[in-house]
Amino acid sequence: MADIDFESMEREAYDFVDEESEENFYRFKEGLTEEIVLKLSEEKHDPEWMREFRLKSLKIYEELEVPDWGPSIEGLDMDNIASYVRSKSNMVDSWDDVPEDIKNTFEKLGIPQAERESLAGVGAQYDSELVYHNVREDVAKSGVVYTDMESALTGEYADMVKEHFMKLVPPTDHKFAALHGAVWSGGSFVYVPKGVHVDIPLQSYFRLNAKGAGQYEHTLIIVDEGADLHFIEGCSAPKYNVANLHAGCVELYVRKNAKLRYSTIENWSKNMYNLNTKRAICEEGGIIEWISGSFGSHESYLYPTSVLKGDNSHAEFTGVTFAGKGQNLDTGAKMIHIGKNTSSFIDTKSICKSGGVSTYRSSVYIAKSAEGSKASVNCGSLMLDSISRSDTIPAVDIRTDKADVGHEAKIGRISDEAVFYLMSRGISESEARALIVSGFANPVSKELPLEYAAEMNNLIKLEMEGG
Amino acid sequence: MTRELAVNHLPVLTWNKLNINRAKLQIETGDGLNTGRLNRIAVYPEGISARTVKSDELDRLINELDINNPSELVVAGKIPMYNEQRFATGMGAEIDKLLDETDIDTELIVIDGSYRSEEPVYIGLTPGEEDISLYKSVIHAKKGSKASLVVGFESSSCNPECTGIKEGCDPTAGRESGLAGASTRIIIEEGAELTVYRVQLLNKGYTFFDDIGAVSDKNSSLNIVKLNLGAGRVFDGLNELQRGTESAFNVDYGFLGLEGSLTDINYNDVFTGKRTNGVMRFFGALFEDAQKVFRGTLDFRAGSVKAVGDEQEDILLFGEDVVNKTIPLILCEEEDVDGRHAATIGRLSEDMLFYMQTRGISEEDAKRLMVKSSLKSISRKLPKGTLRDRTELRIKELLQEN
């Protein structure tokens with residue numbers, strides 16, 4: 001039997017490239033200068049405050065150093081990254097009106113089908129701008145706002161956007177937050193009014209198709225008092241032999257007794273530098289749940305942060321990271337307890353194989369004011385060979401004696417006994433190993449809607465076969 | 001003048017905002033380093049010898065034994081962020097530099113291969129008149145040897161061999177404050193067994209550091225039993241390289257953090273040998289505004305097939321203003337290993353408190369009882385004798401005061 005090239009097969013579903021012609025696409029020159037930022041601001045018809053904000057962010061970006069503690073990002077040269085690429089067509093609310101080549105891309109990714117079957121609304125971003133946005137009529141009638149960020153910036157919710165935009169993740173937070181502040185483009189704005197429960201999820205899908213480009217979408221979600229939302233984020237890109245950059249920003253505001261679940265299946269191509277920032281703040285009794293599957297990217301820095309400001313608020317982070325050949329994925333979570341009787345729970349699984357590097361990094365901070373708080377951290381790592389690397393770096397900082405924190409970390413391999421047991425029941429060794437890894441990642445997949453859990457399990461299977 | 005040493009580096013960096021990547025050891029130097037050697041009282045039995053040696057002789061020994069245990073940042077794609085050491089210690093190169101600036105000799109303690117005894121050998125270390133008292137030693141346990149060394153750091157000398165608390169023997173006499181520190185390299189050859197007990201009962205005004213680097217060969221074992229119950233500021237680092245197949249390393253560590261105190265710990269267990277086993281257990285209690293930083297690392301390097309590492313930290317918090325930082329790392333580049341870490345940090349469980357209160361024990365007494373029993377589970381590992389008695393008395397006194 002001829003050898004099967006799993007290495008190329010495994011990403012077939014995501015790696016197809018649609019050539020972008022100059023005729024249909026508009027692209028800024030590579031690099032990052034004040035001129036480019038001003039041009040972007042003009043292109044997007046920013047209000048004056050946003051123009052000033054971008055310039056201020058650029059200044060901060062220039063002043064801040066690249067982090068000295070994570071994976072090396074020496075291969076990322078901003079002089080070779082185009083900050084803005086967009087289709088010359090406008091955003092529409094019908095797939096029929098989306099240009100054929102772009103529509104084909106999303107068809108291949110299964111987005112329109114998913115919208116028909118299981119979603120309350122969809123936003124689809126292609127390179128730097130949204131090309132499609134739609135929300136189900138009944139959901140819109142309940143007062144839920146789901147629109148692109150540009151429309152929100154100047155429309156009915158302009159004041160709300162101004163009040164919240166990059167307040168949770170200020171440009172001073174780190175160098176790539178500042179970069180985002182300077183050149184952000186696209187993304188979604190969601191507002192769920194008081195008491196409204198959105199029973200089926202909303203989804204945004206981000207596709208970076210352009211070669212040597214950056215994607216900097218901004219997601220701002222406000223779930224008002226007593227409301228409930230599940231938001232799903234998906235991302236992919238084809239693989240090029242030059243670096244691409246994703247420096248998105250997600251800001252989530254969970255009001256009193258509201259609940260937000262934010263699920264992500266990230267499958268960027270393996271030339272992507274994924275330097276994304278996600279943060280949520282919960283008011284009294286608010287709940288934030290992060291579900292995260294990280295499979296793609298060349299280098300990743302991703303640590304969704306939950307700020308438990310209100311008393312009795314709660315955060316959960318459930319994540320799986322799979323680092324294969326050529327990947328260095330540095331992922332984890334941060335929990336900040338400020339309110340009384342707050343609680344947080346982190347449960348992560350890291351898998352690495354074929355020379356991949358997987359680092360779990362986290363911090364739990366319990367402020368003096370957070371009396372009665374509880375936190376639990378549970379991280380497991382699975383090494384599938386000895387040319388890979390897996391590190392676990394969890395930090396805990398407690399400033400009160402009225403708190404309880406538990407932490408548990410484990411690292412190990414697939415036991416020979418388990419493989420033997422499955423093989424004795426007629427399952428091949430490779431299938432047995434894939435099955436065990438899927439079981440290891442089960443805490444994440446069981447929290448996802450069925451279609452996404454199936455996608456995640458498929459990604460695990462492909463990664464396993466890829467070895 | 002204040003001099004600041006960067007010590008207790010994490011083997012990989014994390015967010016700088018956490019202020020946990022390294023510690024700062026501040027030394028008041030006045031116009032210059034006013035240093036002396038810690039006074040050492042010890043009577044070595046036949047089979048254990050001690051002599052002062054110069055650095056070139058130590059270099060020869062390290063070459064002969066092929067010790068190559070460099071400290072460096074191991075994170076992929078990163079360059080070392082601090083000076084490398086050929087024979088790594090937990091606190092790092094700046095302690096070596098400090099000692100190199102003084103004229104303090106190194107004491108080489110050699111345990112012959114024929115020496116196999118469980119009888120404890122006491123080494124008493126007390127600060128001198130100088131502001132800074134230091135001690136540098138290399139312990140070389142030769143092939144097949146077996147020994148127990150009991151090292152006591154106290155503010156005033158007491159005959160380390162006495163078996164009871166004698167009248168007129170006051171270990172708290174002497175200077176109230178100063179800096180006392182020790183740098184120790186431990187070499188354990190094939191099949192050797194060494195237990196090192198280290199008890200620190202210095203006066204509260206002291207800053208104390210204890211910097212250890214160890215290398216273990218095939219089938220050897222190194223046990224460290226440690227209690228920090230005195231100095232107000234403690235910096236403590238250990239780096240153990242388990243390079244020998246089936247070498248074993250075990251740590252039992254206890255400390256009390258009292259009002260105004262700082263305890264900064266950095267313990268790294270590096271596995272390179274096959275079927276090695278490392279177990280580190282830490283217990284501590286923090287009162288008032290005590291601060292503690294714990295860095296504990298299990299570092300499985302390539303080739304450490306079937307190595308097992310286990311680390312446990314239990315910390316009880318009893319002060320509104322306590323600061324407790326913990327960062328337990330597992331670094332792994334070998335598939336076939338088993339590593340785990342567990343930590344519990346916080347209050348006494350409500351169930352436990354309720355149980356005790358139903359038996360007429362007040363909340364305060366219940367807390368003391370729990371801390372005392374946990375620390376005593378470590379102090380009981382000390383050989384019977386004066387130092388153990390003084391240690392247990394110190395535990396009792398400190399808990400009564402707090």
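Are A:Glu233 and A:Lys278 buried or exposed? In this predicted model, A:Glu233 is buried, and A:Lys278 is buried too.

A:Glu233 and A:Lys278 form a salt bridge in which the closest N and O atoms lie 2.8 Å apart. This pair links distant parts of the chain. A:Glu233 sits in strand β10 of chain A (residues 228-236), while A:Lys278 belongs to strand β15 of chain A (residues 277-282), and 45 residues separate the two.

Over all chains, the count of salt bridges comes to 51. A network of salt bridges links A:Arg413 and A:Asp416 with B:Lys306, B:Glu335 and B:Asp336.

## Salt bridges in chain B

B:Asp210 and B:Arg198 meet through their side chains in a salt bridge with an N to O distance of 2.7 Å. Distant parts of the chain are linked here as well: B:Asp210 is in strand β12 of chain B (residues 205-216), B:Arg198 is in strand β11 of chain B (residues 193-201), and they are 12 residues apart. Both B:Asp210 and B:Arg198 are buried.

A further salt bridge joins the side chains of B:Arg388 and B:Glu392, at 3.9 Å from N to O. The cut-off for a salt bridge is 4 Å between a side-chain nitrogen of Lys or Arg and a carboxyl oxygen of Asp or Glu. B:Arg388 and B:Glu392 are four residues apart in helix α5 of chain B (residues 386-401), so about one helical turn separates them. An α-helix has 3.6 residues a turn, so residues three or four places apart point the same way. B:Arg388 is buried, as is B:Glu392.

## Helix pair α3 and α4 in chain A

Helix α3 of chain A (residues 34-43) packs with helix α4 of chain A (residues 48-63) at an angle of about 155°, and their axes are 10 Å apart. Angles over 145 degrees count as roughly antiparallel, and α3(A) and α4(A) are therefore roughly antiparallel to each other. Their crossing is right-handed.

On the α3(A) side, the contact involves A:Glu34, A:Val37, A:Leu38, A:Leu40 and A:Ser41; these meet A:Arg51, A:Arg54, A:Leu55 and A:Leu58 in α4(A). By class, the residues of this contact divide into five nonpolar, one polar and three charged.

## Helix α10 in chain A

Helix α10 of chain A (residues 175-183) is mostly covered, with nine of its nine residues buried. The buried residues in α10(A) include A:Phe176, A:Leu179, A:His180 and A:Val183, and A:Lys175 is also among them.

What do the buried residues of α10(A) pack against? Their partners in chain A are α3 and α4, together with β9 (218-223), β11 (244-246), β12 (249-254) and β14 (272-275).

## Helix pair α3 and α4 in chain B

In chain B, helix α3 (residues 350-358) and helix α4 (residues 363-379) pack at an angle of about 115°, with 9 Å between their axes. That angle makes α3(B) roughly perpendicular to α4(B). α3(B) passes α4(B) in a right-handed crossing.

Which residues meet where α3(B) contacts α4(B)? B:Met352, B:Leu353, B:Met356 and B:Gln357 come from α3(B), and B:Glu363, B:Ala366, B:Leu369 and B:Met370 from α4(B). The residues of this contact divide into six nonpolar, one polar and one charged.

How values were computed
Residues numbered from 1 in each chain as written. Chains lettered and ligands numbered in written order. Predicted model: local features only at pLDDT ≥ 70, side-chain atom pairs only at ≥ 80, totals over all residues. Heavy atoms only, no water. Axes fitted to C-alpha atoms, helices over the stretch in contact; angles between N-to-C directions. Parallel < 35°, antiparallel > 145°, perpendicular 65-115°, else oblique. Left-handed = near helix turned anticlockwise from the far one by under 90°. Contact = heavy atoms within 4.5 Å. Nonpolar A, V, L, I, M, F, W, Y, C, P; charged D, E, K, R; others polar. Buried < 20%, exposed > 50% of the residue type's maximum accessible area, 1.4 Å probe, protein only.
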